[in-house]
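These are my notebook entries on a structure I looked through.

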2 protein chains.
Amino acid sequence: MREVSIVGIGQTKAGEHWERSMRDLAVDAISAALKDAGLESADALYVGNMLSGELTAQQHLGALVADWAGLEGIEAVRVEGADASGALAVRQGYLGVASGLQDIVVVCGVEKTTDADAETALAAWSSALDAEYESFHGVTVSAMHGLLMRRYMHEFEVSREDFAPFALNAHKNGVNNPNAMFRSAITAEAFVKGGMLADPIGMFDAAPLCDGAAAVVLCPSDRAGRIASKPVRVRASGVATDRLALHSRRDPLFLQAAYASALKAYQQAGVGPSDIKLFELHDSFTVMAALSLEACGFAERGKGTRLAQEGAITLQGRIPISTMGGLKARGHAVGATGVYQIVELALQLRGEAGANQVSGSLGMAQNIGGSGATAVTHILEA
Amino acid sequence: MREVSIVGIGQTKAGEHWERSMRDLAVDAISAALKDAGLESADALYVGNMLSGELTAQQHLGALVADWAGLEGIEAVRVEGADASGALAVRQGYLGVASGLQDIVVVCGVEKTTDADAETALAAWSSALDAEYESFHGVTVSAMHGLLMRRYMHEFEVSREDFAPFALNAHKNGVNNPNAMFRSAITAEAFVKGGMLADPIGMFDAAPLCDGAAAVVLCPSDRAGRIASKPVRVRASGVATDRLALHSRRDPLFLQAAYASALKAYQQAGVGPSDIKLFELHDSFTVMAALSLEACGFAERGKGTRLAQEGAITLQGRIPISTMGGLKARGHAVGATGVYQIVELALQLRGEAGANQVSGSLGMAQNIGGSGATAVTHILEA
């Protein structure tokens with residue numbers, strides 16, 4: 001296989017884009033990424049998207065986005081794995097370049113959730129769960145994570161308030177990200193007083209669904225130096241799955257797919273958790289941030305919230321997470337989120353993260369689908 | 001890159017599976033393919049599917065199918081490109097093995113259209129078109145192909161009846177395929193008298209939407225001989241796109257993506273149309289069969305129907321097509337169709353096509369999405 005590097009990144013603001021359609025957002029992000037790479041064309045396009053078919057009656061996004069982005073005629077395909085669609089698209093682009101069959105690859109994650117009312121969007125999002133055994137009974141993604149958080153609190157004897165540092169950290173970091181949906185810090189008091197979404201999940205535990213697009217340009221590492229002044233190497237790419245339905249898992253409080261995909265990534269890169277200097281994790285809900293940290297070896301079982309309370313997850317901590325706001329404050333543009341994570345990690349490694357810049361040349365991103373059934377882990381190096 | 005071979009194939013009957021859910025169909029096809037290969041596990045799973053989100057509120061099929069097929073924990077992803085989803089999944093599996101990062105890959109195409117009423121299914125299928133500029137105005141996939149066929153008849157001065165040989169050939173070949181949805185031959189008279197679907201498209205011009213699943217197992221060619229007694233080499237894999245909306249194309253009567261993907265495949269394999277001994281093409285509508293033959297160099301522009309009338313497309317002809325019934329008689333299980341084509345082509349090249357066996361060791365399959373915006377071409381060799 002060939003080594004792969006990122007030579008271009010682009011993103012739109014995450015949020016409510018009433019004036020832009022899905023294709024516009026995708027084109028904006030791709031144009032920015034190609035401009036950043038100084039390129040005008042590519043061999044292949046991978047589009048990560050979850051909800052377009054259900055919310056806007058538009059499938060076939062590979063051809064659509066290639067067409068509108070001015071990449072007429074190129075190989076193009078859509079990749080889907082619920083909330084992990086974005087990172088899965090990066091993974092497929094990585095395989096394309098690694099294979100030697102594709103030289104310049106564009107990966108775009110895009111989602112437009114505001115074309116439907118919130119109830120419809122939430123129902124569509126819940127198609128990430130098992131339709132016959134979970135969502136059929138009316139359970140939503142939020143409700144499923146409510147059950148998970150309640151169980152976590154019971155098993156590990158922690159309180160709702162113990163999850164607050166995840167939300168506070170994300171919102172604090174979002175302030176300095178011009179592309180974040182929410183750019184205001186919150187207080188511990190606000191966290192506690194926030195309305196309930198799915199008890200014990202409150203308003204500030206849950207990331208907001210939103211619109212947005214992000215894109216990266218990949219190429220073989222031995223060509224990257226000639227294209228970009230600051231190429232970022234993809235040191236590892238790992239994907240794993242778990243039983244789809246939460247009730248089928250051996251231990252619902254251990255994210256087996258997150259663990260397995262991180263293990264694959266660590267082994268490919270020849271590194272361990274202590275080598276990772278920042279971690280863009282999947283904080284769709286605060287409980288998922290805790291579980292991801294535990295699955296990836298940054299905290300012991302049941303100690304994820306303690307790690308956060310100790311300040312280890314802040315920009316100055318041992319393992320900064322959600323450095324540009326995470327899903328919580330930047331916004332969770334479902335199928336685009338995994339690409340946003342890679343773009344933000346690349347910004348950090350290029351030293352272009354502004355006021356939120358952290359040090360260290362090795363970072364990790366993890367994108368999770370549904371209640372944990374798909375996990376995609378990438379390790380990048382400056 | 002590594003060379004790739006097919007070491008296992010499996011399929012369910014195409015048709016109406018009232019007693020089986022989508023996951024059951026996928027498991028049946030995958031189990032058969034793994035059994036055929038003598039394997040019990042794999043490194044990765046690619047699932048081709050178009051309509052599950054819209055028709056059964058189930059996305060996230062990578063994790064779902066891996067879970068139910070007993071492939072717990074493996075890398076898994078869904079791939080979508082409208083009707084071309086199946087062959088795009090084969091393409092991604094091919095890249096995975098070619099990259100050197102995946103050794104044993106399972107590709108499954110699956111679709112369950114009968115869980116919704118026909119009107120809902122047809123509307124969902126039309127999300128293959130441009131939602132903002134085509135289907136928004138009420139046009140369906142069938143109507144779009146009606147416009148295309150009418151234009152073809154006008155430009156090339158052929159009649160509705162001139163398309164009959166495509167339908168007659170497909171139905172004749174379907175008789176001997178135990179997995180075909182329709183196993184009865186039709187007459188030229190029946191073709192003409194069949195009711196209109198979207199003038200000039202009649203009942204026998206259009207392939208039926210149906211349920212079904214097909215699967216293949218891929219591995220590096222240098223290992224294939226140790227796994228299978230009759231491995232089939234993937235000599236080439238090519239993907240191309242075209243403008244999504246029919247009205248945006250320079251010439252709607254030339255399938256640019258089909259041409260470009262076939263050209264990529266010919267170049268990779270170092271062969272031309274005259275070397276190809278059978279062609280599993282995308283006869284979703286008879287006009288698409290004609291246009292595919294023209295785009296791939298088997299007939300001159302506007303002469304596709306004449307090629308059929310001369311008998312060249314029959315089992316005894318120069319370039320047999322739809323040898324196991326094609327989309328028309330085997331049935332068009334949308335996102336599964338591209339994998340069915342590969343399975344049927346492999347059956348032919350392994351000499352296991354029964355009464356429909358054709359000679360020749362080099363065959364081609366082409367899967368098309370929407371009204372031609374995505375095309376995937378594979379060349380296989382015994």
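Entry 1, terms and model. I count two strands as paired if DSSP finds at least two bridges between them. Helices (H or I, at least four residues) and strands (E, at least two) are DSSP runs, numbered from the N terminus. The model is predicted, so local features need pLDDT of at least 70, side-chain atom pairs count only at pLDDT 80 or more, and totals for chains, interfaces and linings use all residues. Residues are numbered from 1 along each chain as its sequence is written, chains are lettered from A and ligands numbered from 1 in the order in which they are written, and side-chain values use heavy atoms, with hydrogens and water left out.

Entry 2, strand β8 of chain B. I looked up the partners of β8(B). Strand β1 (residues 4-11) of chain B pairs with β8(B) in the antiparallel sense, over three bridges. There, Ile6(B) stands opposite Val232(B). Strand β11 (residues 374-381) of chain B also runs antiparallel to β8(B), and eight bridges join them. In this pairing I found Val376(B) of β11(B) as the bridge partner of Val239(B).

Why is β8(B) largely enclosed by the rest of the structure? Nine of the 10 residues of this strand (residues 232-241) are buried, so the rest of the structure largely encloses it. Buried means under 20% relative accessible area, exposed over 50%, partly exposed in between (1.4 Å probe, protein chains only).

With contact meaning heavy atoms within 4.5 Å, I read 61 residues from chain B and 61 residues from chain A. The two chains bury about 4700 Å² between them, 47% of it on carbon and sulfur atoms. Gln59(B), His60(B) and Glu80(B) supply 14% of the area that chain B buries against chain A, more than any other three residues. Buried area is the accessible area (1.4 Å probe) that two parts lose on being put together, summed over both.

I noted 12 salt bridges between chain B and chain A, each a side-chain nitrogen of Lys or Arg within 4 Å of a carboxyl oxygen of Asp or Glu. One of them joins Arg23(B) to Glu132(A), with the closest N and O atoms 3.6 Å apart. Which helix gives the largest share of the side of chain B that touches chain A? It is α4(B), with seven residues.

Strand β3 (residues 75-80) of chain A runs antiparallel to β3(B), joined by three bridges. Val79(A) stands opposite Val79(B).
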